Every structure is written in C-alpha cells, then in structure tokens.
Amino acid sequence: LSLLEDLVLGLLLASTLLLFTTQLNSHFTLPKLTVFAVLLVPLLALMLVRIRLGIFQVIPRMIWIPLLLLVAWWLIGSSQSMHFSTALNGQYGRYNGLYANLLLVTLFIAVASIPFEIRRLRRLLLALLVMALLVCCYTFIQYLGYDFIFKQLQSGRPFSSIGNPVALAVVLLLVIPYMVAAVVRAGGRTRSRVLLALLLVFSLLTMVLTKSRGPLLALIAALMLGGLLATIYGQRLARDKRILVAIALVLLLVVLGASCYLGLCDSLFQGQAVGMRLVYFQAALEMITASPLFGYGFETFRLLYPLFRPLDDYTYGGTVVTPTMIHNDYLQLAVDNGLPSMVFYLVFVGAITWRLFRAVAKDPQQRAWHVAGLMMLTGFLVQGMSGWLEISSSIMFWLMLGVSLSLALSSEGESNSRPQQARYAYMTVAISGVIAAIFISGVMLQKLKAEYWLGQAQYYSKAIFTKTDQYIDRIDK
C-alpha cells in the first residue's frame with residue numbers, strides 16, 4: 001500500500017514539475033492541473049483503504065477547525081461571487097479558482113494523514129531531488145539559448161518546465177530547505193554529501209537566473225531562521241553537523257552574492273515593478289473596504305480592477321495594463337473571499353508552524369527535517385507578500401506542507417491516537433474528495449479538449465492565411 005501511494009506521489013511530482021505541451025494555449029497550467037485532478041482519485045482511493053486498515057495520522061483539531069472554516073468560507077464566498085464561472089474555474093490560463101483550491105486542500109489532508117516514516121520520506125525526497133535536477137538543467141538550457149521548444153524567454157528570464165520565472169523560483173524555494181537538511185543528514189557518507197552540496201549550489205544558481213526578487217529575499221529569511229534554530233539547538237547537535245549547517249548556510253549566501261556580482265541580478269531591485277504593485281495594492285484595499293466580508297470570488301481582481309483603477313494608473317512600457325493578480329497572496333485572499341478567509345488561512349498556517357516548532361524542540365533525531373519544514377513554510381509565507389499563486393507552486397506547497405505536518409505529528413506520537421470520530425471524518429473527506437476529483441477531472445478534460453481544438457484551429461487558420469499571402473505576392477510579382 002505504501003509503495004502504491006509513493007508511486008502516485010512520484011507521478012504527481014513529475015507531472016507538476018515536468019509536464020507541459022505546446023499543443024495548447026495554456027502550455028503549462030492546464031495540463032498540470034488536469035493530471036493533478038486525475039492522480040488525486042487513486043491517491044484518495046488508497047487513503048480509503050488505509051483508513052479501513054486503521055493506518056492513518058490524526059490531524060489535531062487546532063488545524064482541522066480553521067481549515068474547515070476556510071473551505072466553508074470559500075464555498076459561501078464563491079456562491080455570492082460577482083462572476084460565478086470565474087470563481088469556480090479561475091482566470092483563463094491561470095485556473096486558481098474554487099475547483100483548484102478544493103483539490104489542493106484535499107491533497108493536503110490525504111498527505112498529512114499518511115504516517116510518514118523516515119524511509120518513506122527519503123524515498124519521496126529522492127524523487128523530488130531528481131525532478132528538481134531536471135528542472136534546473138532545463139532552466140540552464142533555456143538561459144544559454146539552446147531550447148528548441150520555447151525560443152523566446154520572458155524578458156530574458158528562463159521559466160523551465162514550470163512556465164513562469166517567479167513560479168520556478170518559488171518551486172526551488174520550497175525544495176532548497178530539504179536539500180540543506182539532506183546535506184546535514186548525510187552523515188559520514190562523503191560522496192553523498194558532495195553530490196547533495198553540488199545539487200544545492202546548482203539549484204540556487206538556477207533560482208538566481210530567474211531574477212525573482214521575492215523568492216530570493218524569502219530564501220534569505222528562511223536561511224536566517226534555519227541559522228537561528230541551529231544556534232539555539234546547537235548544543236544538542238553533533239559537532240560535525242554544526243559545521244555542516246554553517247557550511248551550507250555560508251555556501252548559499254556566497255553563491256547568491258557571487259551570482260549578483262556577476263550581473264545575474266542587475267534587474268533585481270528595479271523600481272518600475274514596485275511602483276506598479278503599490279498601485280495594485282491600493283486598488284485591492286479599496287475593494288476590501290467595499291466588500292470586506294465575502295469578497296468577490298476567486299480571481300475576480302482582473303474583472304474588478306477597471307472599476308477601481310486610479311486616474312494616475314501606472315503604465316508598463318507606456319501601456320496601461322489590466323493585471324490578473326494583486327501580487328500579494330494575503331490581499332488576494334481578502335479580495336477573493338473576504339477578510340475572514342485571510343484570517344482562517346493565517347490561523348491554519350500558524351497552527352502548523354507551532355506544531356513544527358514543537359517537533360524541532362522535542363525530536364532531536366529528525367530535527368533537521370523539521371527545521372527544513374519550517375524554512376519551507378517561512379519562505380513561502382514571506383514570498384507571498386509580493387508574489388502570486390501558480391498551480392505548480394501551489395501543488396508543491398500543499399504537498400510539502402502535508403509531509404512536514406505528518407512527520408511532526410509522527411515525532412509526537414500522534415499516530416497512536418485514532419478515535420472513531422477521526423476515522424469517520426477521514427472516510428467522509430476521502431469519499432467526498434473522490435467524487436469531487438472525478439467531477440473536476442471531467443471539467444478539466446473538457447477544457448483540455450476545447451483548448452486543443454482551439455489551438456488546432458488557430459494553427460491551420462494561420463497556415464491558410466500564410467499560404468494566401470504567398471499566393472497573392474506571387475500574383476503581384
């Protein structure tokens with residue numbers, strides 16, 4: 001059973017990090033979301049079998065309650081949204097609507113309920129590191145100009161198989177803390193330690209190539225937290241592991257500084273993008289003031305922005321743009337579904353953060369992995385102050401959040417308590433999740449089919465016009 005679950009999680013990682021197609025207008029988002037919805041069905045089916053066998057982790061009420069309130073508020077807010085279809089599906093090409101968010105919460109519950117052992121964690125991290133290596137290699141291929149699939153970069157910034165430079169940096173931000181932990185946990189295996197250190201440096205250089213200021217600053221914040229925890233609990237760590245922690249942190253900062261010195265971060269602190277985001281923040285605050293309780297529905301900011309656009313709107317390259325997102329996850333939550341949804345989300349992640357801190361203090365054997373979980377969560381929350389949600393980074397975040405919580409609960413012996421109410425609650429979630437995942441999979445497959453035929457029509461119409469123009473030119477000559 002555990003091998004089947006790990007296989008499904010491995011396929012989920014592969015599709016999230018590597019899957020894309022040029023046959024659709026949405027090269028990255030829609031294929032990833034569709035496969036994610038499809039793979040969630042067998043994962044939840046295996047969860048049902050696991051619950052019947054009594055093999056599950058009990059998520060504490062302090063985490064359950066705000067999560068259920070958050071989902072309930074999403075449902076209420078979406079039912080009263082200004083544009084129901086957008087609230088369900090999200091903006092075209094982004095798809096961060098109610099459907100996607102319900103799938104993400106279901107993924108978190110399914111993964112957090114798995115009693116992760118260290119052997120299973122290492123197996124999952126091995127798959128994650130291999131996928132991250134492939135993503136980094138493709139990024140360098142794009143940056144060097146050898147990508148024959150996508151010949152033009154987004155403002156000179158590579159996006160790899162993720163589809164967006166910032167989302168690529170966020171994905172690496174979620175993975176790098178576990179690379180640091182893997183280096184620390186390598187022990188006396190010198191070859192493994194060297195390989196992991198090289199992968200760490202390679203991943204950081206890849207992250208710098210994206211020139212994404214938010215994730216890079218978030219990484220520095222996560223490293224500072226990791227260094228602080230290593231200092232606090234340093235007396236409980238072996239001497240060689242303290243040295244490894246120091247080397248890993250210094251190495252990351254040196255590579256970051258050297259990359260900026262070499263000119264890879266020239267555009268890191270340009271003021272134009274900052275000015276644009278301040279305008280978006282002002283409009284978002286006005287939207288929240290107008291509807292603070294339930295908001296307007298998922299990803300309706302683009303529809304609302306013309307109504308709240310300031311007279312002195314900031315232009316990008318001389319062109320007035322209509323943004324699709326606010327560039328702040330917390331304001332986005334409040335605009336989409338009201339201030340209560342933002343509060344419920346913060347309480348939810350705060351409860352998980354407290355559990356992870358408890359695990360760091362009480363579990364010296366696996367402390368490195370718990371610190372990695374805290375660094376991952378801190379980095380994601382910090383970059384959220386200037387970033388936005390993408391399907392790839394969201395799947396990675398909720399997946400790794402569930403893994404980190406499961407490991408923390410296992411270290412506290414929570415798996416020994418399996419009340420009957422929890423069994424029924426999990427079975428209800430799993431059955432509801434299977435039904436929802438099957439329905440949403442059907443919706444996504446229909447969108448996939450529609451986009452495919454739209455792309456084919458655009459391709460052949462362009463070919464016809466090209467042939468017609470060539471024929472007219474020949475007649476003119």
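These are my notebook entries on a predicted model of a protein.

**Ground rules**

I number residues from 1 along each chain as its sequence is written. Because the model is predicted, I take local features only at pLDDT of at least 70 and side-chain atom pairs only at pLDDT 80 or more, while totals for chains, interfaces and linings use all residues, and side-chain values rest on heavy atoms, with hydrogens and water left out.

**Overall**

I looked up the secondary structure and found 16 helices and 2 strands. Helices (H or I, at least four residues) and strands (E, at least two) are DSSP runs, numbered from the N terminus.

I then looked up burial: of the 477 residues, 55% count as buried. Buried means under 20% relative accessible area, exposed means over 50%, and partly exposed lies in between, with a 1.4 Å probe and protein chains only.

The accessible surface comes to about 21100 Å², and 66% of that belongs to carbon and sulfur atoms. Accessible areas come from the Shrake-Rupley method with a 1.4 Å probe; for residues, only the protein chains shown count as cover.

For contacts (heavy atoms within 4.5 Å), I noted that residues 24 or more positions apart account for 80% of those with a separation of 6 or more.

I checked the span of H6, residues 118–143. Its 26 residues reach 36 Å from first C-alpha to last, close to the 38 Å expected at 1.5 Å a residue. The expected span is 1.5 Å times one less than the number of residues. Gly145 follows H6 and has a positive phi, near 85°.

H14, residues 367–383, has 17 residues and reaches 24 Å between its end C-alphas, close to the 24 Å expected. I also looked at its cover: 14 of the 17 residues of H14 are buried, so the helix is largely enclosed by the rest of the structure.

**Salt bridges**

I listed 6 salt bridges in the structure. A salt bridge here is a side-chain nitrogen of Lys or Arg within 4 Å of a carboxyl oxygen of Asp or Glu.

Glu5 and Arg50 form one of them, at 2.7 Å from N to O. Glu5 lies in helix H1 (residues 2–18) and Arg50 in helix H2, so the pair ties together parts that are 45 residues apart in sequence. Glu5 is buried at 1% relative accessible area, and Arg50 is buried at 2%.

Asp6 pairs with Arg120, the closest N and O atoms being 2.8 Å apart. Since Asp6 is in H1 and Arg120 in H6, this pair ties together parts 114 residues apart in sequence. Asp6 is buried at 14%, and Arg120 is buried at 7%.

Glu390 forms a salt bridge with Arg94, with 3.4 Å between the closest N and O atoms. Glu390 sits in the loop between H14 and helix H15 (391–411), and Arg94 in the loop between helix H4 (84–89) and helix H5 (98–112), 296 residues apart. Both Glu390 and Arg94 are buried.

I also traced shared partners: salt bridges join Glu5, Asp6, Arg50, Arg120 and Arg123 into one network.

**Thr29**

Thr29 is in helix H2 and is buried, with a relative accessible area of 11%. Its side chain reaches the backbone oxygen of Gly93 at 3.2 Å. I count a polar contact as a pair of N or O atoms within 3.5 Å; within protein, one must be able to donate a hydrogen and the other to accept it, and residues adjacent in sequence count only if both atoms are side-chain atoms.

Leaving aside neighbours within four places in sequence, I find Thr29 in contact with Gly93, Arg94, Tyr95, Glu390 and Ile391. Arg94 and Glu390 are the salt-bridge pair noted above.

**Leu293**

Leu293 is in the loop between helix H11 (271–290) and helix H12 (301–308). It is partly exposed at 45% relative accessible area. Not counting residues up to four places away, Leu293 touches Trp73, Asn337, Gly338, Leu339 and Pro340. I also noted Ala334, which is 41 residues from Leu293 in sequence and 8.5 Å away in space, C-alpha to C-alpha.

**Surface patch**

Leu1, Val49, Leu53 and Ile55 make a nonpolar surface patch of about 330 Å². Patches are made of residues with over 30% relative accessible area and no salt bridge; like charges are joined within 9 Å, and nonpolar side chains (Val, Leu, Ile, Met, Phe, Trp, Tyr) within 5 Å. I looked up Val49 separately: it is in helix H2, residues 29–52, and at 41% relative accessibility it counts as partly exposed.
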